[in-house]
Amino acid sequence: MTVSWFNDFYKQIADSPLSHWLEVLPAQIAQWQKDQLHGDFNKWVKLLGKLPETHPSTVNLVDKVAFGTSEEISEYQQKQITGLLKQFMPWRKGPFHIHGIHLDTEWRSDWKWDRVVPHIHSLKDRTVLDVGCGSGYHMWRMLGQEAKLVVGADPSQLFLIQFQSMKHFHPNSQIHLLPIGVEQLPKLRAFDTVFSMGVLYHRKSPIEFLQQLKDQLRPGGELILETLVVEGDETTVLMAGERYAQMRNVWYLPSTAALSVWMTRLGFKNIKVVDVGKTTLQEQRRTEWMPSQSLEDFLDPEDTGKTIEGYPAPLRAVIVANV
């Protein structure tokens, strides 16, 4: 069934600096697969198998994620692909373009990428890890920057299926999503670049999480961290109550100054805050591919500078650092 998705990766890293990962990874993946016996996963796998074989003449990963043109498939195939991909909603991170089909996702993740990419070391020929990668949108953009190998880690069933549905149209051997959490990653210390975008505030122990990211990097490697922050000095950290912008799983929102202190204490070097900006209603919104509530429903209707709970509205920062 899904074993082949990972066997290729095992072979690929066997003679690489990541080879010692094979001591634990196959057993972790096997356990994950056993845990998927109930729920929607097996149904989704069967739906994946119904996607028609196509042969995209063009692949664009440089300024978007686009596979093929509308002229390469029939009207029936277009409806077939659209109908199958809609079985994997909600689509949160994107957008994707498949033979002219526009997956208009909740997030304009391309805007985030455009803010990040000018500030990072070239990814050409680098081995890259994306922790909490979601459906893998940014991984494809990393591949478009000529990375040698792009690995994503995210334990969500749905995100794995969404990623594999895109890989169906471009089965590239340099990009892989592994359904594991950061706590399952051994201290690999082998990646040239590690990304973590939109994860830190979901972790109960942010310091431990930052250390886990650091443990994946080779000496001199680069971390790109994108997260929610609040305004304030190096002592400012907001811990929300039961919810923040309707999300239950939000824990700590530091100021960029406080976050820099945390990272300095952990031994990160060359820490730079390269971008800070508010999330707009154009960047995160309800769409045909994510029709449930979105950012406009999570903000105070009388004052969009605040969440519905009265906290500061989402402010996101990008921090770049080395080990």
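A residue counts as buried here when its relative accessible area is under 20%. With that in hand, keep in mind that this is a predicted model.

**Helix α1**
- Helix α1 covers residues 3–13, and its buried residues are Trp 5, Phe 6, Phe 9, Tyr 10 and Ile 13.
- Looking down the axis of α1, you'd see those buried residues fall within an arc of 125°, so they line one face of the helix.
- As for the general rule, an α-helix has 3.6 residues a turn, so residues three or four places apart point the same way.
- What do the buried residues of α1 pack against? Their partners are the helices α2 (25–34), α3 (41–48) and α7 (157–169), plus the strands β8 (149–153) and β9 (175–178).

**A four-stranded sheet**
- Four strands make an open sheet in the order β1-β2-β4-β5, and the pairing is mixed.
- At the edges sit β1 (59–60) and β5 (101–103), each of which pairs on one side only.
- Strand β4 (residues 96–98) runs antiparallel to β5, and three bridges join them.
- Across that pair, Ile 98 stands opposite Ile 101 in β5.
- Helix α7 packs on the sheet, where it touches β2 (66–67), β4 and β5. The direction of α7 makes about 40° with that of β4.

**Nonpolar cores**
- The largest nonpolar core has 88 residues, and Trp 21, Trp 140 and Phe 195 have the most contacts inside it.
- Beyond its neighbours up to four places away in sequence, Trp 21 touches a list of residues including Phe 9 and Ile 13, along with Val 151, Leu 178 and Phe 191. Phe 9 and Ile 13 are also among the buried residues of α1.
- There's a second, separate core of 10 residues, which includes Val 230, Val 250, Leu 253 and Phe 298.

- Val 116 belongs to helix α5 (residues 109–116). It counts as buried because its relative accessibility is 1%.
- Leaving out residues up to four places away in sequence, Val 116 touches Phe 195, Met 197, Ile 224 and Val 318.
- Phe 209 is in helix α8 (residues 206–214), and Phe 209 is buried too, with a relative accessible area of 1%.
- Setting aside neighbours within four places in sequence, Phe 209 is in contact with Val 131, Val 182, Ser 196, Val 199, Leu 200 and Arg 203.
- How many Å separate the C-alpha atoms of Phe 209 and Lys 93? They are 22 Å apart, with the two residues 116 residues apart along the chain.

Terms used
Residues are numbered from 1 along each chain as its sequence is written. This is a predicted model: local features need pLDDT of at least 70, side-chain atom pairs count only at pLDDT 80 or more; totals for chains, interfaces and linings use all residues. Side-chain values use heavy atoms; hydrogens and water are left out. Helices (H or I, at least four residues) and strands (E, at least two) are DSSP runs, numbered from the N terminus. Buried means under 20% relative accessible area, exposed over 50%, partly exposed in between (1.4 Å probe, protein chains only). Contact means heavy atoms within 4.5 Å. The arc is that of the directions from the helix axis to the C-beta atoms. Two strands pair if DSSP finds at least two bridges between them. Axes are lines fitted to C-alpha atoms, for helices over the stretch in contact, and angles run from 0 to 180 degrees between N-to-C directions. A nonpolar core is a set of buried Ala, Val, Leu, Ile, Met, Phe, Trp, Tyr and Cys residues joined through side-chain atoms within 4.5 Å.
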